[in-house]
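Subject: Structure handover

Hello,

The structure is below, with the sequence. My notes on it follow.

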Amino acid sequence: MIDFNSVTTAIDRFLNSVLPHQAATLVECLIIAVCAIVAYLTFAIVMIYMERKVCAAFQCRVGPDRVGKWGLLQVFSDVFKMLTKEIIELCSSDKILYTLAPFLVIMSSIITFSCLPFDNGLQVLDFNIGIFFIMAASSFGILGILLGGWSSNNKFSMIGAMRSGGQMISYELSMGLSVLTLVVLSGTMQISDLVEEQTKGWFIFRGHIPAFIAFIIYIISGNAETNRAPFDLPEAESELTAGFHTEYSGMGFGLFYVAEFMNMFIIAGIATTIFLGGWAPFTIPGADAFNSAMFMIPGFVWFLGKTFFVIWLLMWIRWTFPRLRIDQVLVLEWKYMVPIGLLNLLIMTICVVMGWTF
Amino acid sequence: MSINLIIFSGLALVMVIAALFAVTSSKIMRATTLLLFVLFGTAGLYFMLHYSFLGAVQITVYAGGIVVLLIFVVLLLGKGSVDVTQTSMRRYMAGTATALTGMVLAIYLITSTDFAGDKFTAEDVTMKELGMSLMGTEKYNYILPFEVMSVLLLACTVGAILIARKK
């Protein structure tokens, strides 16, 4: 396994030797920002292509296959189409908030993205409150949706935004509870420590029953947080045209679209980090030869493999279940998921105190 | 000029400008959004001082909670686009008096307090320490305020349900 800390330290040392300290820091910030945004967009392209192909597979279709080999250039041509579209000007709407809204959504998404541990030492933000910071940063994306829906001056957008608000605020709770369950198990919130701890065994195995319940709760609430079916009420096409982003054209819509896809990647990435061991390889205690063979595979391959597995699970759910009604969505959260989540937290605490974990 | 000073000036500038526009803006939705930037700036200051926990709480509670709640209230009342104009002279006077009192108090406190800035070292406080002092029962620990706060929140929840419940 490569420790990327040595690589970043080497780059830091090199920059500090050719530049004064503050300039070096500034250059480092710029490099990191560029890398993060490029990675963000690359994954967005992969995700959009994957969504189309997976959706097609679930519906017994072929999916895009005209533009480029196996339709590989489809996403690029879509982006190009979006860039050439006319930006419409709305009458009697709040132009400032209308322009600002997509940026709030994308900002929250990129900050959360930069907390993901792609490999040992390969992450941008690593606070000692790590996982809590992720929850904090993802919590203000909802503001962009609310403002976008309101400032569009359109009833459909408004209804979509209100639904989205109610849904996302509610499901944040059970998501927080399931993350908290795993924090109880690990005893740390720092993401690098969380993953480091899991090189001895992934938390979903070490925490057995409560960890598995937490994983299921996390996947359900993650699906709701990203506004995807069966929780896609905010943009229910058959009822609300396109929900909160009905009035957006061109890249304004593009930002909402990319952020939605990347939020799914982020949800899957966090699930990987806290349940499935992040970049930690699959190990069996005792089987040393097997373990060292597993450690030969680079960490980012493990991370991306597991993340795309979770994404595939999310897409499977998305293309299998029908849409819920808004009251069913809220009943599911407040009457089932939150009580189960609280109980699960208690079970996990008892397990940890009694030493019933592995 | 150190990089810390540059970041601080940037944050302070954003906060002051956003706060000024939040107060003077006649549209309530814009004022709320500008308030959000003030709160972000505050969170940024906490991160600068390595109070990462406080910064994250600031973002979760204020940006993700209070501002969303404010926007929700405005949307539910359907007054998002209504201009907030001054109706009576009395309110105007009362507002001015409150603002002036606040300003005098703040200036008095800033000038009279001896800030131990030179003794301050920016360092991360671990979550374990925070949790221990939040839940500890010894001197300078916070179990009593914590419990009082939870009772208050419980009372609020019960009250809200009571109001919202249909007969």
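How many helices and strands does the secondary structure of chain A come to? The count is 15 helices and zero strands, where helices (H or I, at least four residues) and strands (E, at least two) are DSSP runs numbered from the N terminus.

On conventions: residues are numbered from 1 along each chain as its sequence is written, while chains are lettered from A and ligands numbered from 1 in the order in which they are written. The model is predicted, with local features needing pLDDT of at least 70 and side-chain atom pairs counting only at pLDDT 80 or more, whereas totals for chains, interfaces and linings use all residues.

Chain A overall

The radius of gyration of chain A is 21 Å, close to the 21 Å that the globule rule gives for 358 residues, so chain A is as compact as a globular protein of that length. The radius is taken over C-alpha atoms, and the rule is 2.2 Å times the number of residues to the power 0.38. Along its principal axes the C-alpha trace spans about 65 × 60 × 40 Å. Of the 358 residues, 45% count as buried. A residue is buried if 20 or more other C-beta atoms lie within 10 Å of its own, exposed if 12 or fewer, and partly exposed in between, with C-beta atoms placed from the backbone. Among contacts in chain A with a separation of 6 or more, 79% come from residues 24 or more positions apart; a contact is a pair of C-beta atoms, placed from the backbone, within 7 Å.

The largest nonpolar core has 103 residues, and Leu143(A) and Ala271(A) touch the most other members. Such a core is a set of buried Ala, Val, Leu, Ile, Met, Phe, Trp, Tyr and Cys residues joined through C-beta atoms within 7 Å. Helix H12 (residues 250-274) of chain A gives the most to this core, with 14 residues. Not counting residues up to four places away in sequence, Ala271(A) touches Tyr218(A), Ile219(A), Gly222(A), Leu276(A) and Val310(A).

Helix H7 of chain A (residues 155-186) has 32 residues and reaches 46 Å from its first C-alpha to its last, close to the 46 Å expected at 1.5 Å a residue; the expected span is 1.5 Å times one less than the number of residues. Of the 32 residues in H7(A), 23 are buried. Gly187(A), with a positive phi near 75°, follows this helix.

Where chain A touches chain B

Here 25 residues of chain A are in contact with 22 residues of chain B. On the chain A side, the elements giving two or more residues are H2 (21-58), H4 (95-113), H5 (130-139), H6 (141-151) and H7. H5(A) gives the most, with six residues. The residues on this side divide into 19 nonpolar, five polar and one charged. Ala, Val, Leu, Ile, Met, Phe, Trp, Tyr, Cys and Pro count as nonpolar, Asp, Glu, Lys and Arg as charged, and the others, Gly among them, as polar.

Loop residues

Cys60(A) is in the loop between H2 and H3 of chain A and has a positive phi of about 55° although it is not a glycine. Cys60(A) is exposed, with 6 other C-beta atoms within 10 Å. In chain B, Tyr140(B) is found in the loop between helix H5 (127-135) and helix H6 (143-164), and its phi is also positive, near 65°. Tyr140(B) counts as exposed, with 6 C-beta neighbours inside 10 Å.

Regards

Terms used: Two residues are in contact if their C-beta atoms, placed from the backbone, lie within 7 Å.
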